[in-house]
Amino acid sequence: MKLFALSVLYKSPDGKVNQLKAAHELSSFGYFQRGSIKEFMDFTSKIIVERTAQCSRASVKEQEYICHVSVRSDNLAGVVIADHEYPQRVAHTLINRVLDEFSSKISQQQWPVIKESEVNFTTLPDHLQKYQDPKQSDAMTRIQSDLDETKIILYNTMEQVLERGEKLDDLVEKSEGLSMQSKTFYKTAKKTNSCCVIL
Amino acid sequence: MTCRDRSNEFLSAVKLLQSRQGNGLVMPKQRRDLRARSEFNVIAKRIGRDLANTFAKLEKLTLLAKRKSLFDDKPVEIQELTYIIKQDINSLNKQIAQLQELSRSQRAQNGKHAQTHSNSVVVALQSKLASMSNDFKGVLEVRTENLKHQKERRDQFSQAGATSLPPSSMGPGGQTKSLLYEEENRQNGGSDFAINMDGLDKNQHQQQLQLVDQQDAYIQSRADTMQNIESTIVELGSIFTQLAHMVQEQEEMVGRIDANIEDTQMNIEAAHSEILKYFQSVTSNRWLMIKIFGVLIVFFIIFVVFMA
């Protein structure tokens, strides 16, 4: 489950799309291909945002990648390029979070005019890295996996408790036998004491 | 429980008796005791009367909540009534707690019988309050069921696109009775003596259902995950209770083993002492030794005589 790119774009009302910030994770590609792949990704994100309507989300399949895109009502858009296995919900959560952070850091008037080199938003690569493993970063998947582990542990515990029950059953029987035998022992001892007084 | 306060009659009877006997010294103490008892009785009477009133209101609420028609519902009245009843139950709680404090503080002055009497009065009032809160809770549950049915019927007859807000973390309100949501409300409104009033807030929120949000797959999937998580947690809870139950059952077996072993130990001790007694009797029994030697010598002589 990998994330390849995470980018924030601005879609102006007349249809043009500007890329405001992007982060890429291209270590799985060969060194010489990285440049072209990066450009291809940016281009794909732009086109997809152009084609996506306002206030909507989409997940587009593109060869072996899926692009999750979300365009907000204030024309800010986020694109996440991931592989097939990455859960859609986590990707959209990531987009939401990144867009919220972006809009809080950089004011809205700057979006149409600001250039990519001037944008001061450095946490994008960190987010990309963090969300590489959805199990750890997304709270809900983490809770889910923890709960499943706990359930397995509890099932094991139940089985052990059942075994304990069986052993306790065993012990009860043995202790009952022991008690019977000691009682017979006592009776015999008492008998020997009482019967041979005549001699 | 409405108790008639006949302490005035009692006081007058006492005065009559005392004037006949002329026993003036004991009077002040008795009067103080009587005053304390009558104070207790006055408060208990008041609480009983309030309980009866609240019962009547609860009856009315039950009637209102049971109505199932789609258009004749009076939500405002029902809400007001539930609010009033909740306040009443809370104040009754406090009053009963005060009464209990009073009876404890009067422990020094009263005799044993008076103490048990006040205790049983307090316990009776508490049990009445508890049963009333149970009924209240039942009525609220019935009301939420009805609301749910009404909403379903309304959806059936209204246009498409009327989807309910899933119980996501974004906002309150939802059609499914999410336990998480109930838990939240339980923390918000609880009382010490009565049972929890979780149904009340749920009512208010369900009535504010907002059908505005668009059908969004993302939110839907979040909601599904949340529901999954919630059901898992509930399952875990039940597994825990089962586990506790089983361990408790086995506890009893452990007790039996313990008893058996103790029995065994006792028996063995007793048998040990018996054998010791026997040993004592044998070793210090000179008569026995003489007898045995006598028998041996007799046999020896017979043997020798008949052989030779």
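**Figure 1. Crossing of helix 3 and helix 4 in chain B of the predicted model.** Helix 3 of chain B passes helix 4 of chain B in a left-handed crossing, a term for a near helix turned anticlockwise from the far one by less than a right angle, the clockwise case being right-handed. The contact, meaning heavy atoms within 4.5 Å, involves from helix 3 of chain B the residues Pro75(B), Ile78(B), Thr82(B), Ile85(B), Lys86(B), Ile89(B), Leu92(B), Asn93(B), Ile96(B), Leu99(B), Gln100(B) and Ser103(B). Helix 4 of chain B contributes Gln115(B), Ser118(B), Asn119(B), Val122(B), Leu125(B), Gln126(B), Leu129(B), Met132(B), Ser133(B), Phe136(B), Leu140(B) and Arg143(B). By class, 13 nonpolar, nine polar and two charged residues make up the contact of helix 3 of chain B with helix 4 of chain B; Ala, Val, Leu, Ile, Met, Phe, Trp, Tyr, Cys and Pro count as nonpolar, Asp, Glu, Lys and Arg as charged, and the others, Gly among them, as polar. Helix 3 (residues 75-105) and helix 4 (residues 112-157) of chain B pack at an angle of about 160 degrees, their axes being 10 Å apart. Axes are lines fitted to C-alpha atoms, for helices over the stretch in contact, and angles run from 0 to 180 degrees between N-to-C directions. Helix 3 and helix 4 of chain B are therefore roughly antiparallel to each other (angles under 35 degrees count as roughly parallel, over 145 as roughly antiparallel, 65 to 115 as roughly perpendicular and the rest as oblique).

The model is predicted, with local features requiring pLDDT of at least 70 and side-chain atom pairs pLDDT 80 or more, whereas totals for chains, interfaces and linings use all residues. Residues are numbered from 1 along each chain as its sequence is written, chains are lettered from A and ligands numbered from 1 in the order in which they are written, and side-chain values use heavy atoms, with hydrogens and water left out.

**Figure 2. Packing of helix 2 of chain A against helix 7 of chain B.** Helix 2 (residues 88-105) of chain A and helix 7 (residues 217-283) of chain B have axes 10 Å apart and pack at an angle of about 115 degrees. Their crossing is left-handed. Chain A provides Arg89(A), His92(A), Thr93(A) and Asn96(A), and chain B provides Tyr218(B), Ser221(B), Arg222(B) and Thr225(B).

**Figure 3. Aromatic pairs in chain A.** Over all chains, the structure holds three aromatic pairs; rings of Phe, Tyr and Trp (its six-membered ring) pair if their centres lie within 6.5 Å, and planes under 30 degrees apart count as stacked, over 60 as edge-to-face and the rest as tilted. The ring centres of Phe4(A) and Phe29(A) are 5.6 Å apart and the planes stand at 35 degrees, so the pair is tilted. Phe4(A) belongs to strand 1 (residues 3-11) of chain A and Phe29(A) to the loop between strand 2 (17-24) and helix 1 (34-51), so the pair ties together parts that are 25 residues apart in sequence. Phe4(A) is buried at a relative accessible area of 6%, and Phe29(A) is buried at 14% (buried means under 20% relative accessible area, exposed over 50%, partly exposed in between; 1.4 Å probe, protein chains only). Tyr31(A) and Phe32(A) form an edge-to-face pair, 5.7 Å centre to centre with 75 degrees between the planes. Tyr31(A) counts as exposed at 65% relative accessibility, as does Phe32(A) at 78%. Phe4(A), Phe29(A) and Tyr65(A) form one aromatic cluster.

Figure 4. Leu26(A) is placed in the loop between strand 2 and helix 1 of chain A; helices (H or I, at least four residues) and strands (E, at least two) are DSSP runs, numbered from the N terminus. With a relative accessible area of 11%, Leu26(A) is buried. Leaving aside residues up to four places away in sequence, Leu26(A) touches Arg34(A), Ile37(A), Lys38(A) and Met41(A).

Figure 5. Cys55(A), a residue other than glycine, has a positive phi near 55 degrees. Cys55(A) is found in the loop between helix 1 and strand 3 (56-62) of chain A and counts as partly exposed at 46% relative accessibility. Gln63(A), also not a glycine, has a positive phi of about 50 degrees. Gln63(A) lies in the loop between strand 3 and strand 4 (65-71) of chain A and counts as exposed at 55% relative accessibility.
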